[in-house]
Amino acid sequence: MNTIRTATWSLKAVMGIKRSNEILRWLLLLFLSDWSVAQISYSVSEEVDKGTVVGNVAKDLNVNVRDLQTRNLNIVSGYSKKYFEANVKTGDIYVNERIDREELCPNAIKCTLNFEAILSNPMILHRIEVVVVDLNDNAPTFVEKSHTINIYESSQTGEHFLLPLALDADTGSNSVKTYRLSPNEYFSLDVQSSGEHSVSAELVVAKALDREKQDVVKLTLIAVDGGKPPKSGSVQIHVNVLDVNDNTPSFSKTLYKARIKENSPVGSSVIHLNATDLDEGENGRVVYSFVKRANFNPADVFSMNVETGEITVKSNLDYEVQSAYEIHVQATDRGLSPRRANGKLLVEVVDVNDNAPEIVVTSLMNPVKEDADIGNVVALVTVTDKDGGKNGHTDCKLVGSAPFKLKPNYKNYYSLLVGGPLDREEYSFYNVTIKATDEGTPPLSTSSVITVQISDVNDNAPRFLEPFINMYVKENSPVGTRIYTISAVDPDINENARVAYSFYSDSKSITVSSVVNINSETGDIFSLQSFNYEELKTFQFKVQATDSGVPPLSSNVTVNVFILDENDNNPVVLAPYSEHGSVNSESIPYNVEAGHIVAKIRAVDADSGYNALLSYQLSEPKGNNLFRIGTSTGEIKTKRRMSDNDLKSHPLVVLVSDNGEPSLSATVSIEVMVVENSADIQTQFRHVPIKDESFTDLNLYLLIAIVSVSAIFLLSLISLIAVKCHRTDSSFSRYSAPMITTHPDGSWSYSKATQQYDVCFSSDTLKSDVVVFPAPYPPVDAELISINGGDTFTRTQTLPNKETVSY
């Protein structure tokens, strides 16, 4: 086996020449290699054993043998059988299937097998051509076992008669090269070689025949090929010696030539033959006929007018099937002993562009990763056209705007490469259209669509739909309650899109894992404890979503948890009426006017909002209608002046209720004593100045001054408390506490203000109290509640905040 590296020249031409000429030819080859398309060429004889080494690609490609396996050496061809295979350990190319040259390349002078050797990392393609060397494994054969020739005894010496044509499946030097005739005294053999066409033999009369002496001559025709050693085949020739005619028809030319286009309609004229006979009458009247040679019968393709010699098309002509026909014709007179002349016609079939190109795609990498580098090979494309000449020259290109490109490799071989960035999330596959057009007139084209699937890589992190999440949890909710479901989306697929959830451990305030738990697969968040609004109003943590790709990608989201208040605290009565189970005592003068303040009940509620909005109710003995209480202020006042019929002792029960659902309450008992003299009134908590008869204008001015100074002091105190209590927490500054404000006319207003702490005062300067409400409260739609002087509630809905509470 010989390995030859060549461009378009073969190094075999320099063998056996003088050393000086050999050096000149080598220099010429080196010069031409700069612009010729390089390839590797091997040769191998047909019918060699499987495993026979043809060549070594590692040596010829200058690649380290150890790199062949890591670079995934692959042999790719377009044949139905894989005739050659590569040994990645040694780099040897060896025969993998039986090679029969006569089966692969019938009637071809040169037989080659072409395939591609592909190396990865980086991707390198080399075209390898293997020339299949013909062996002389077929002997010449004749179609007929015997052949009969009728020759008139009057035949002239030197007259030629056609002999059967031998067939040999081998080609080149192993085909039929000569004929031999068995020894005899009457005939000799004229062997004719028509160059590129087959060798034929004609029987030549060497001596005058005498039918009376010998009417049948038996001969043996032997066909010999050019193999080493040569092989031969024979046929029996029976010559019948006939008596008649003395003039043989003669053709005007020894060789006729004609050209006709393929696909010409049936009946199209090809040529007119002309033969003459010097005889007269029937002996000079010539008829024409085809002569069947071997396995080709011209009458199957062409028709002949026996009288005129016109040859016309009988069946379809196809240049791609057969480009030329060698036809033997015969002109025979009509004498009693007819004589015939032999002629030859060469019909050349002219190619027309009737075959569109054919596209064969060999896929190498499908699917293609979306992060594939530009220039990666996706598939090999081979374009063929059965037409010849310019009609068989093709141009191949891509149609459309897919991110791929076509790179020519060698002649009609192309590589489909990645030509731009790929994104599976945008397009999961591409229909790549390849169009091949020949150079015929008019040009024909063929399109082939390749579907290239794009595989996913982990190039997208999970994404939360919101920058932060607010969740609201009622206090006292059971442990294990699902309070929220976190969800993140990942545009990747399969494992790259499977998201796991976990807490991101940068919480500074509390240990998140002790308060809530998260399901890593579903994102469900469960409470691990029951929350108490009075102890914890809000907390914050971060959740991380991580996909399962390699390497994994993740993203975080901030979660704000707000505890919603429940009405779980009873009102608490403040001193001096806070002693549980005791009856408190108050005294009033007998002569007090209506509206006199008897006592003021003060109470607080640890809850917030409506749950901390308190109202007061008064219960008196039946039939007694002397006192009333402010439902919002808790002030017990007289409804009218005392009469002589009124009792001196009045037991009262005050019910303090919040506004929660359900409402909670507390009670306080007060016994009001009526005394005759105001000097007898004693209280351990406060002394109310008694208006006597000697109240002067000076006392009035003094009282006004004291009230004014007190008012200024209270306003300053309110401003100071507001400044001190204002917080600037960036996360929750927009969430405000409810505010209840009393007005000088005795009415109250309740609103959800924007300050963190609000201060309320009662309308009674003598019994003023400061009530501070806690600040954090969930962002809900604002309401304004007014409690007018008649102690009735009015709610007014205001504009909603940006967020809406969802439970």
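This is a predicted model: local features need pLDDT of at least 70, side-chain atom pairs count only at pLDDT 80 or more; totals for chains, interfaces and linings use all residues.
**Entry 1: a term first**

Before anything else I wrote down what the exposure words mean: buried is under 20% relative accessible area, exposed is over 50%, and partly exposed is in between.

**Entry 2: the whole chain**

I looked up the overall make-up and found five helices and 56 strands. Of the 807 residues in the chain, 42% are buried. I then checked contacts between residues at least 6 apart in sequence, and 65% of these join residues at least 24 apart. The chain exposes about 43700 Å², with carbon and sulfur atoms supplying 52% of that.

I picked an open sheet of four strands, in the order β9-β15-β14-β11 with mixed pairing. Which strands stand at the edges? They are β9 (146-152) and β11 (176-181); each has a single partner strand, so one side of each is left without a neighbour in the sheet. Neighbouring strands here are turned by 25° against each other on average, direction ignored. Inside this sheet I followed β14 (residues 216-225) and β15 (residues 232-242), which run antiparallel and are joined by nine bridges. I found Ile222 opposite Ser234 in β15.

**Entry 3: salt bridges**

I counted 16 salt bridges in the structure.

Next I looked at Lys344 and Glu326, whose side chains meet at 3.8 Å, N to O. Lys344 sits in strand β24 (residues 340-350) and Glu326 in strand β23 (residues 324-333), so the pair ties together parts 18 residues apart in sequence. Buried or partly exposed, I asked about Lys344? Lys344 is buried, at 16%, while Glu326 is partly exposed at 22%.

I also saw Glu635 paired with Lys637, with the closest N and O atoms 3.6 Å apart. Glu635 is buried at 5%, and Lys637 is partly exposed at 22%. Finally, Glu282, Arg285, Glu307 and Arg334 are linked in a network of salt bridges.

**Entry 4: a surface patch**

I found Val572, Leu574 and Val604 in a nonpolar patch on the surface, with about 200 Å² of accessible area together. Leu574 is in the loop between β42 (572-573) and β43 (583-589), and is partly exposed at 31%.

Definitions and conventions: Residues are numbered from 1 along each chain as its sequence is written. Side-chain values use heavy atoms; hydrogens and water are left out. Helices (H or I, at least four residues) and strands (E, at least two) are DSSP runs, numbered from the N terminus. Buried means under 20% relative accessible area, exposed over 50%, partly exposed in between (1.4 Å probe, protein chains only). Contact means heavy atoms within 4.5 Å. Accessible areas come from the Shrake-Rupley method with a 1.4 Å probe; for residues, only the protein chains shown count as cover. Two strands pair if DSSP finds at least two bridges between them. Axes are lines fitted to C-alpha atoms, for helices over the stretch in contact, and angles run from 0 to 180 degrees between N-to-C directions. Patches are made of residues with over 30% relative accessible area and no salt bridge: like charges are joined within 9 Å, nonpolar side chains (Val, Leu, Ile, Met, Phe, Trp, Tyr) within 5 Å. A salt bridge is a side-chain nitrogen of Lys or Arg within 4 Å of a carboxyl oxygen of Asp or Glu.
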